[in-house]
Amino acid sequence: MKHVMLDLETLATTPDAAVLQCAACRFDPDAGEVDTTNTFNQYLSRDANDRAGRFVDSGTVAWWGKQGPEAQRRLAEGEALAGERKFGDLLRAFHAWADDCVIWSNGATFDVVIVEHAFRSIGMSAPWKFWNVRDVRTIVDLAGCKGLTTKMFPFEGTAHDALDDAIHQARYVSAMWQVLTL
C-alpha cells in the first residue's frame, strides 16, 4: 500500500476551511524513501473557495500576514496561477493521484479532515479508507521514546509551502519509522 503525506495551506482551521494550496508526496516508510519526483501540488484562488462556500477566518488571514515573505510570495503566485481552477477540479485531480493510499498528515484533526469535508461537499468520497488515516504527531511522540525529535531533521525549502512541508514531514516520519520498526 502506498503512503501519502498531505499538507494544506488554508485560510481557516475548521473542516470547511478555504484551501489555497493542496500538496502531497508519496513515501515508503519501510524503505525510508520519499518520492519527490511524483508529487501533487495545486493551488486555488480565493474566488474558487468563495464559489465553493469555503470558510475564511480573519484570525488565520492575520496569521498569514506574519509569515515569511517567501511563503507569502509562493502562495500569491500559486493563487494567480490557479486562475479559474474550480474546487471540484482540484479534488478530482487529487483523488486520482492519491487513489487507495495510507494518508498521513500533521494532526489527525486538520488536513485530512478538511479534505474529507471538501470531498463530501462535492458528493465524493475520499480516496482512502478511514482506517488508513495516520497522524504524524503520534509517530513523533513514539519516536521521542527513542530520543528522536523533528529538530534532528533540517528543513529544506520554504516553511508553509504545502509541498515543502509534506516532503519534510515524510522524510522525518520515514526516518522515525525506521528506528521504531527495527
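Helix H5 (residues 111-121) lies across S1, S2, strand S4 (101-105) and S5, and runs at about 85° to S1. Contact here means heavy atoms within 4.5 Å. Axes are lines fitted to C-alpha atoms, for helices over the stretch in contact, and angles run from 0 to 180 degrees between N-to-C directions. Helices (H or I, at least four residues) and strands (E, at least two) are DSSP runs, numbered from the N terminus. The model is predicted, with local features requiring pLDDT of at least 70 and side-chain atom pairs counted only at pLDDT 80 or more, while totals for chains, interfaces and linings use all residues. Residues are numbered from 1 along each chain as its sequence is written, and side-chain values use heavy atoms, leaving out hydrogens and water.

The strands form an open sheet of five with mixed pairing, in the order S3-S2-S1-S4-S5; two strands pair if DSSP finds at least two bridges between them. Strand S3 (33-43) and strand S5 (133-135) stand at the edges with a single partner strand each, so one side of each has no neighbour in the sheet. From one strand to the next, the twist averages 25°.

Strand S2 (residues 19-28) runs antiparallel to S3, and eight bridges join the two. S1 and S2 are also antiparallel, joined by eight bridges. Cys 25 in S2 stands opposite Met 5, and the bridge partner of Cys 25 in S3 is Thr 39. Cys 22 stands opposite Gln 42 in S3. The hairpin of S2 and S3 has four residues between the strands, and in this hairpin Gly 32 takes a positive phi near 75°. Nine of the ten residues of S2 are buried, so S2 is largely enclosed by the rest of the structure; buried means under 20% relative accessible area, with a 1.4 Å probe and protein chains only.

Helix H3 (residues 69-82) lies across strand S1 (2-10), S2 and S3, and runs at about 65° to S3.

The axes of helix H4 (residues 87-98) and H5 come within 10 Å and cross at roughly 115°. The two helices are therefore roughly perpendicular to each other, a term covering angles of 65 to 115 degrees. H4 contributes Phe 87, Leu 91, Phe 94 and His 95 to the contact, and H5 contributes Val 115, Ala 118 and Phe 119. Of the residues in this contact, six are nonpolar, one is polar and none is charged. Ala, Val, Leu, Ile, Met, Phe, Trp, Tyr, Cys and Pro count as nonpolar, Asp, Glu, Lys and Arg as charged, and the others, Gly among them, as polar.

Terms used
Angles under 35 degrees count as roughly parallel, over 145 as roughly antiparallel, 65 to 115 as roughly perpendicular and the rest as oblique. Buried means under 20% relative accessible area, exposed over 50%, partly exposed in between (1.4 Å probe, protein chains only).
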